[in-house]
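Time to look a few things up and write down what I find.

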Amino acid sequence: MSFWERGVAMAKGSTTGLDEAATATGVWQSGANLEDLRSACQFVQYGPLAEAHERGTAVETMWMIYRQTAAPHVDHDLIEAAYAQPQLRALFPFHSHRSLNFSRCTGFPYTHDLPVVTPVNGRYRLTWWKTRSPHGPADIGETDNPRDAVALVVAHLPPECGPAVAGTADDLDKSDST
């Protein structure tokens with residue numbers, strides 16, 4: 001079972017008991033928080049990022065996770081350079097295909113209207129995600145170091161970009177059109 005809220009998989013669990021599954025569904029749909037769900041249904045698990053989403057600190061927690069990870073696909077110099085910029089630190093960071101992305105919301109689907117940074121052979125390629133050409137992402141430019149890449153991202157942010165809000169890109173699209 002997966003327990004979703006505002007585009008975030010908040011918890012998951014597995015049970016063969018129909019009564020347990022029904023109880024978990026009822027507890028979650030009643031608006032229970034993660035701790036109450038876990039208390040009522042011992043098979044349910046969740047992690048620190050889900051707790052952060054519940055507290056409203058998902059952006060800060062995701063930055064902390066990336067800054068502390070040992071994952072080989074994360075360019076730590078790029079993460080630190082991006083984190084040093086208040087405009088980017090206010091956005092929700094996420095990785096996809098070795099690229100560092102930024103979102104104006106904390107839930108999936110994320111926004112794809114901000115520059116993306118991809119480390120390639122010791123350089124940093126910046127592209128637009130949303131305005132893809134038939135041959136791949138539309139290029140913004142390339143830099144020799146993460147600090148310059150981050151400066152280029154900041155230069156291409158739309159006005160009044162951030163901080164990231166709870167919810168999904170679809171939620172933002174609805175609020176942008178009103």
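What follows are my notes, one topic per entry.

**Entry 1: what I am looking at**

I remind myself that this is a predicted model.

**Entry 2: the sheet**

I started with the strands. In what order do the three strands of the open sheet come? I read it as β1-β2-β3, with antiparallel pairing. I then checked the edges: β1 (2-5) and β3 (44-45) are the edge strands, and each pairs on one side only. Next I looked at how β2, residues 8-13, meets β3. I found antiparallel pairing over two bridges. I picked Lys12 and looked up its bridge partner in β3, which is Gln45.

I found helix α1, residues 18-29, touching β1 and β2. I also noted its direction, which makes about 10° with that of β1.

**Entry 3: helix α4 and its cover**

I moved on to α4, which spans residues 58-68. Which of its residues are buried? My list has Ala58, Val59, Thr61, Met62, Trp63 and Tyr66. The spacing made me recall a rule: an α-helix has 3.6 residues a turn, so residues three or four places apart point the same way. In my list, Val59, Met62 and Tyr66 are among the buried ones.

I wanted to know what lies over them. The cover of the buried residues includes three helices, α3 (48-55), α5 (76-83) and α6 (86-89). It also includes two strands, β4 (92-96) and β5 (99-103).

**Entry 4: a closer look at Thr61**

Is it buried or exposed? I noted a relative accessible area of 9%, and the cut-off for buried is under 20%, so Thr61 counts as buried. I then looked up what Thr61 touches beyond four places away in sequence: Pro48, Leu49, Ala52 and Arg55.

**Entry 5: α4 against α5**

Two packed helices are described by the angle between their axes and the distance between the axes. I looked up both for this pair. The axes of α4 and α5 come within 9 Å and cross at roughly 145°. For the hand, I wrote down that α4 passes α5 in a left-handed crossing.

Which residues meet here? From α4 I have Trp63, Tyr66 and Arg67. Across from them in α5 are His76, Ile79, Glu80, Ala82 and Tyr83. I sorted the residues of this contact and got five nonpolar, one polar and two charged.

**Entry 6: cis peptide bonds**

I went looking for cis bonds and noted two cases. The peptide bond from Phe108 to Pro109 is cis, with omega near 10°. I placed Pro109 in the loop between β5 and β6 (115-120). Gly162 and Pro163 are also joined by a cis peptide bond, with omega about 0°. Pro163 belongs to the loop between α7 (146-155) and α8 (169-176).

**Entry 7: positive phi**

Last, I checked backbone angles. His97 has a positive phi of about 50°, although it is not a glycine. I found His97 in the loop between β4 and β5. Why does His97 count as exposed? Its relative accessibility is 73%, and exposed means over 50%.

Glu160 is another non-glycine with a positive phi, here about 55°. Glu160 lies in the loop between α7 and α8. At 83% relative accessibility, I put Glu160 down as exposed too.

Methods:
Residues numbered from 1 in each chain as written. Predicted model: local features only at pLDDT ≥ 70, side-chain atom pairs only at ≥ 80, totals over all residues. Heavy atoms only, no water. Buried < 20%, exposed > 50% of the residue type's maximum accessible area, 1.4 Å probe, protein only. Helix = DSSP H or I, 4+ residues; strand = E, 2+ residues; numbered from the N terminus. Contact = heavy atoms within 4.5 Å. Pairing = 2+ DSSP bridges. Axes fitted to C-alpha atoms, helices over the stretch in contact; angles between N-to-C directions. Left-handed = near helix turned anticlockwise from the far one by under 90°. Nonpolar A, V, L, I, M, F, W, Y, C, P; charged D, E, K, R; others polar.
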